[in-house]
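Reader: Can you walk me through this model? I'd like the numbers and the cut-offs behind them.

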Amino acid sequence: MGREQERDLLDVTLRAARAGTGHLVLISGEPGVGKTRLAEEAAALARAEGTRCGWGRASEEEGSPPYWPFRQIMRMLDSSGPVLFGPTAGTARAETAAQARFGLFETVTDAFRSAAEPAGLLLVLDDIQWADRASLQLLAHLARGVSDSRVAVVATYRDTETAGQEPLLAALAALARESSVTRLRLVGLTEAEVGMQLAQVTGWTVPPSVAAAVCRRTQGNPFFVKEMGSVLASSADGKLPDGVRDAVRGRLARLSPECRALVSTAAALGSEMDPAALAGVRGRDLGVVLAAVDEAVAAGIVGEGPGHRFTHDLIREAARLEVSTAERLVLHQAMAGYLTERGDAAGRAAKVAHHWLEALPAGDPVQAVAAVERAVAQAMAQLAWEEAESLCRRALAALATSQLSQADRCRLLLARAGAQVRCYDVAGARQSVLTVAEIARDLGDAHTIAYAALTMEGVTDFLWDATGRALCEEALAGIPEVDSGLRARLLAQLVIADTWRSLHDAKPRAATALAMAERVGDRRAIVEGLRAGQIARSGPDGAADRLALGNRLLTIGADGDEDAALWGHLWRFDALAQLGDVGAAEAELSPISAVARRLRSPLARWHAVRCRATIAAARGRFAEAIAYGEQAEALARRAGHEGSLLPSLGFLILVRAETGDLDEQPDELLRLHSHNIPTTSMRAVLARWRLALGQRDEAERIYRTLPSPADLPAFVLLPALAGMAELAAEFDDRSTATEVYRMLSPYADLFICGGAGAILIDGSAHLGLGVAAATIGRLDDAARHLRAAVQINERAGLPPRVVVAKFQLAKVLARRRRPGDRDEASAVATSVVALAGGLGMAPLAHAATEFAASLAGHTAGPLSRRELQVATLVSQGLTNRQIAAAEHISERTVETHVRNIFTKLGFGTRSQVATWIATGGTQHRLRTPDQ
């Protein structure tokens, strides 16, 4: 009733699916608004045309197993669900979790596509707001995989319960990008429709005033209307009840005592009535229980069909309140015991664990811990990492300190930390590891400290490195000094934890770890030993070695280790970029993205996105680069992972500085900088940002605090040297420029980028050498380096680096003043204006315009051309906001220009600027290039 348009849309969707165009319809609305009823109508339409139907409902019970809606559908279709959704960790060949999950999703999708032939298939997933994260990810995968099939999908969810439901919100966001998805939001019925529904329920036409009152009280919610109508039908005086809960309680009171007791028991235990389980828990004959279930179905308390689900939460809630707290704990303990004794207990590990936890504190804590550990192991084997983390969290919260041994607590915390790393909850994983280490230290358990430290393998984080290093050293001191995979991994992790320190013994230490791993034949330890070797060779002199290490790791990854494959491709990307083969580095983007998709890890996704951002910026596609950079920043921020957040912020700052987009302030970077994080390159980034804003004094203050180039970590050596060359030139620091030139010279044939996680590719090292040489007055060498930079960057296809090198060359030629130099400088500067403007490098285009004008003898006063434009508008009485609108720039940028104008002219008021413009102040002569 009142859903004619929605019904017609579903009919069109089903017809399209039968013709070979699959579709997903998301039906949302508040509880009781008719979402399930509309889905039932879709199923009726499908069956009328011979289309198969599968129906699955998500459960709100935390103990429900992963993929529960799809398990139900598989059972309805061909009983293959338990096989598809039951992988174990004991397979003949250990596959990575992500690879297995991807394969599972593809298998399920293919099964549905096959089942849809030849007359189509309708899948209904009801109440997905309660679905586990793995089910929601499978739904998104399914939506992408059935658009060219005969499969139609209808999914319902409560949009009033999405707050804080990150898995559901993530799935809805993913589905929003799919063209094969349609959304329907159901709202309440109109007053007239409410009157019609009440007439159906009561059997008589209700007065308009009653219909209006019910509509006002229920907001047209069909379930509430029906419940109100049921009370009206049985009430002698026809008065409206005080509330829907009173109506539900009235219906419960009309049940027989046996039925009411069983309904209350079922409500206390979950949202469904399982006759066999209820008979076992209450010690009743199954026949008696079945009769009570039939009575509840007839009364509309529970629905028909498998599961006998409560028809609405309000009914279950009212019934649950009839059970005391003490009785509820006893019921959960009895249910846990009953399920444990069943033959299918292994497949119900999550539900068993749920009931043991709900039985606390009256239940058996030892049984609860064991049940949770079994459920966690099963969830991890089934790729449901979020479910595993949730189980551990619930167990730790439910089990009081007096009920849980320290050893049990360590195991649960370690399991949770492992799941958190897989979910990319770095902040949560750090806290779990620290708690484990503290408990293990009190127990004198060095092995547990070791496993705690190694939980963070693969997650580089400079805020954690010092703590991780200390934990590894503590563990090594407490375990036997004999070859083992555990010891090799700890030695490798020590090298990796020293990423931000400039240590000369990193290579032999990494070699020791790898050699031990190879002696004991531990595959995991070998991979970590290779990672340590990559870090030890992260300096520019190790680029070729890192390329070889990447190739070796790809060989390991070819055997099904997706994590190894990801790192192998990433190492190749960094090494190839630093070796100057940007085209080959770019070719790694597709395999990196493919592996990241299979891994389904946010950290892998971050790496894929940051690599694409790096290439986009290098090619001069700045808008694309910023979009990817913002994605990377969001991923890192959600994870609480400063090791990814800091480079993401640095990338965005530098790209925005090149394009003149100065609105976004690096507040987070400033906060991190204030904590004295050892990131020389990032402090140099801040100095360059200050220069872009025109804050030269602040930029110089930051620059003067930078340590010696000799103290730089190896993996940031080239980017840091190039940045320091630029800053030394700006502040005429010949001493630092000399040191930079000396240190950079051996790497003239390389490209400027990081050796362990490239963020920006700044082209040929000859550019930095040319800038440094010019600063110390070696103009011939500077010109030679800069000409080489132009040619090399042109061959590599890096337009931004070409135009920067050309501008620096023009400035060197103008200073050198050999015959023909000035004319060449003028021509080069003029070309830079056009090239930079075309790329969107506005600051460089403005600087080149000024420079070209000065070479030609033009006069434009002490202000830049942009500042002169702003000063002219100031003289006309325009406000900053009006100037921003006129010049199509931000108000903050206008404020910066006005501040610079006041500084350069020595003025304090806008009227002084107006007088300066009116009296011809623009005739002041610019400084010549050699001044």
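Author: What follows goes from the whole chain to the sheet, a helix, some loops, the cavities and the cysteines.

Author: This is a predicted model, so local features need pLDDT of at least 70, side-chain atom pairs count only at pLDDT 80 or more, and totals for chains, interfaces and linings use all residues. Residues are numbered from 1 along each chain as its sequence is written, and side-chain values use heavy atoms, with hydrogens and water left out.

Reader: What does the secondary structure of the chain come to?

Author: The chain has 47 helices and 5 strands. Helices (H or I, at least four residues) and strands (E, at least two) are DSSP runs, numbered from the N terminus.

Reader: And what box do the C-alpha atoms fill?

Author: Roughly 110 × 75 × 55 Å, taken along the principal axes. Buried residues make up 55% of the 931 residues. Buried means under 20% relative accessible area, exposed over 50%, and partly exposed in between, with a 1.4 Å probe and protein chains only.

Reader: What share of the contacts join residues at least 24 apart?

Author: Among contacts between residues at least 6 apart in sequence, 68% do. Contact means heavy atoms within 4.5 Å.

Reader: In what order do the strands sit in the sheet?

Author: The order is β2-β3-β4-β1-β5, in an open sheet with parallel pairing. β2 (52–57) and β5 (181–185) are the edge strands; each has a single partner, so one side of each has no neighbour in the sheet. On average, neighbouring strands are turned by 15° against each other, direction ignored. Two strands pair if DSSP finds at least two bridges between them.

Reader: How many bridges join β1 and β5?

Author: 5 bridges, in the parallel sense, with β1 covering residues 23–29. L26 stands opposite R183 in β5.

Reader: Which helices pack on that sheet?

Author: One of them is α2 (residues 35–48), which lies across β1, β2, β3 (121–126), β4 (151–158) and β5, and runs at about 160° to β2. Another is α6 (residues 133–145), which touches β1, β3, β4 and β5, with its direction at about 145° to that of β4. Axes are lines fitted to C-alpha atoms, for helices over the stretch in contact, and angles run from 0 to 180 degrees between N-to-C directions.

Reader: Switching to α17. How many of its residues are buried?

Author: 9 of the 10 residues of α17 (residues 349–358) are buried, so the helix is largely enclosed by the rest of the structure. Among them are K351, H354, H355 and W356. The buried residues pack against α12 (257–269), α16 (325–341), α18 (365–381) and α19 (385–398).

Reader: Where does S59 lie, and is it buried or exposed?

Author: S59 lies in the loop between β2 and α3 (68–77). S59 is buried, with a relative accessible area of 6%. Leaving aside neighbours within four places in sequence, S59 is in contact with S64, W68, W130, S271 and R309.

Reader: And where is the place of G560?

Author: In the loop between α27 (543–557) and α28 (562–578). G560 is buried at 8% relative accessible area. G560 and Q99 are 461 residues apart in sequence, and their C-alpha atoms are 7.9 Å apart in space.

Reader: How many cavities are there of 30 Å³ or more?

Author: The count is 3. On a 1 Å grid over the protein atoms alone, a cavity is a set of points where a 1.4 Å probe fits but cannot get out, and lining residues have an atom within 4 Å of a point. Grid points are joined across faces, edges and corners, and a volume is the space filled by probe spheres set on the points.

Reader: What about the largest cavity, and what lines it?

Author: The largest cavity holds about 100 Å³ of space. Its lining has 16 residues, of which M456, V459, W464, D465 and Q493 lie nearest its centre. α23 (462–478) and α24 (485–497) each supply at least two lining residues, and α23 gives the most, with 5.

Reader: How many disulfides does the search find?

Author: 0 in the whole structure, where a disulfide is a pair of cysteine sulfur atoms within 2.5 Å. For C423, the nearest cysteine sulfur is that of C392, 11 Å away. C423 counts as partly exposed at 23% relative accessibility.

Note on methods
On a 1 Å grid over the protein atoms alone, a cavity is a set of points where a 1.4 Å probe fits but cannot get out, and a pocket is an open set with protein on both sides within 12 Å along at least five of seven lines; lining residues have an atom within 4 Å of a point.
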